[in-house]
Amino acid sequence: QILKQWYHGHESVSICNATVPRIKALLKAEKGKSADLQYVYEHQEFLAKTSNWIIGLDNWAYDLYSSGIHHILASGDDVNILILDT
């Protein structure tokens, strides 16, 4: 049940925060039962939703088109951008 909840909401930070600790506890208890569970246990850092940031200066931001950032923005990926005014 907890894996199903994570699977359907893994793009949500609040769902990850609620489910990942419980999944990690289950994996720790069950990791010796199969190679697949052991593998997931060893790579559990990928269960949590990460935050992706692009950080640039204002000079860079004036020419976003030539930087290629427009491709990332158009893709719909979950990316945060911080532009520092120097």
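## Charges and ground rules

The chain carries 7 positive and 10 negative side chains, and the centres of these two sets sit 19 Å apart. A charge is placed at NZ of Lys, CZ of Arg, CG of Asp or CD of Glu.

This is a predicted model, in which local features need pLDDT of at least 70 and side-chain atom pairs count only at pLDDT 80 or more, while totals for chains, interfaces and linings use all residues. Residue numbers start from 1 along each chain as its sequence is written, and side-chain values use heavy atoms, with hydrogens and water left out.

## Overall layout

You get 6 helices and 2 strands here, running α-α-α-β-α-α-α-β from the N terminus on. The radius of gyration is 18 Å, well over the 12 Å that the globule rule gives for 86 residues, so the chain is more spread out than a compact globule. That radius is taken over C-alpha atoms, and the rule is 2.2 Å times the number of residues to the power 0.38. As for the secondary structure, helices (H or I, at least four residues) and strands (E, at least two) are DSSP runs numbered from the N terminus.

Along the principal axes, the C-alpha atoms fill a box of roughly 55 × 25 × 20 Å. Contacts are heavy atoms within 4.5 Å. Of the contacts between residues at least 6 apart in sequence, 51% join residues at least 24 apart.

## Surface and burial

The accessible surface comes to about 6,600 Å², with 58% of it belonging to carbon and sulfur atoms. Areas come from the Shrake-Rupley method with a 1.4 Å probe, and for residues only the protein chains shown count as cover. Buried residues make up 19% of the 86 residues; buried means under 20% relative accessible area, exposed over 50%, and partly exposed in between (1.4 Å probe, protein chains only).

## The largest nonpolar core

In soluble globular proteins, nonpolar side chains tend to be buried together. In this chain, the largest nonpolar core has 8 residues: Ile 2, Trp 6, Cys 16, Val 20, Ile 23, Leu 27, Tyr 41 and Leu 47. Helix 1 (2-9) and helix 2 (13-30) each supply at least two of its residues, and helix 2 gives the largest share, 4 residues. A core here is a set of buried Ala, Val, Leu, Ile, Met, Phe, Trp, Tyr and Cys residues joined through side-chain atoms within 4.5 Å.

Leaving out residues up to four places away in sequence, Val 20 touches Trp 6, Leu 47 and Ala 48.

## Ile 54 in strand 1

Ile 54 belongs to strand 1 (residues 53-57) and is buried, at 19% relative accessible area. Not counting residues up to four places away in sequence, Ile 54 touches Trp 60, Ile 69, Ile 72, Val 79, Asn 80, Ile 81 and Leu 82. Thr 19 is 35 residues away along the chain, with 27 Å between its C-alpha atom and that of Ile 54.

## Some charged residues

Glu 42 is in helix 3 (residues 35-42) and is partly exposed, with a relative accessible area of 47%. Lys 33, in the loop between helix 2 and helix 3, is exposed at 62% relative accessible area. The C-alpha atoms of Lys 33 and Glu 11 are separated by 28 Å, with the two residues 22 apart along the chain.

Asp 85 lies in the segment after strand 2 (80-84) and counts as exposed at 70% relative accessibility. C-alpha to C-alpha, Asp 85 and Asp 63 are 14 Å apart in space and 22 residues apart in sequence.

How values were computed: Lys, Arg positive; Asp, Glu negative; His and termini not counted.
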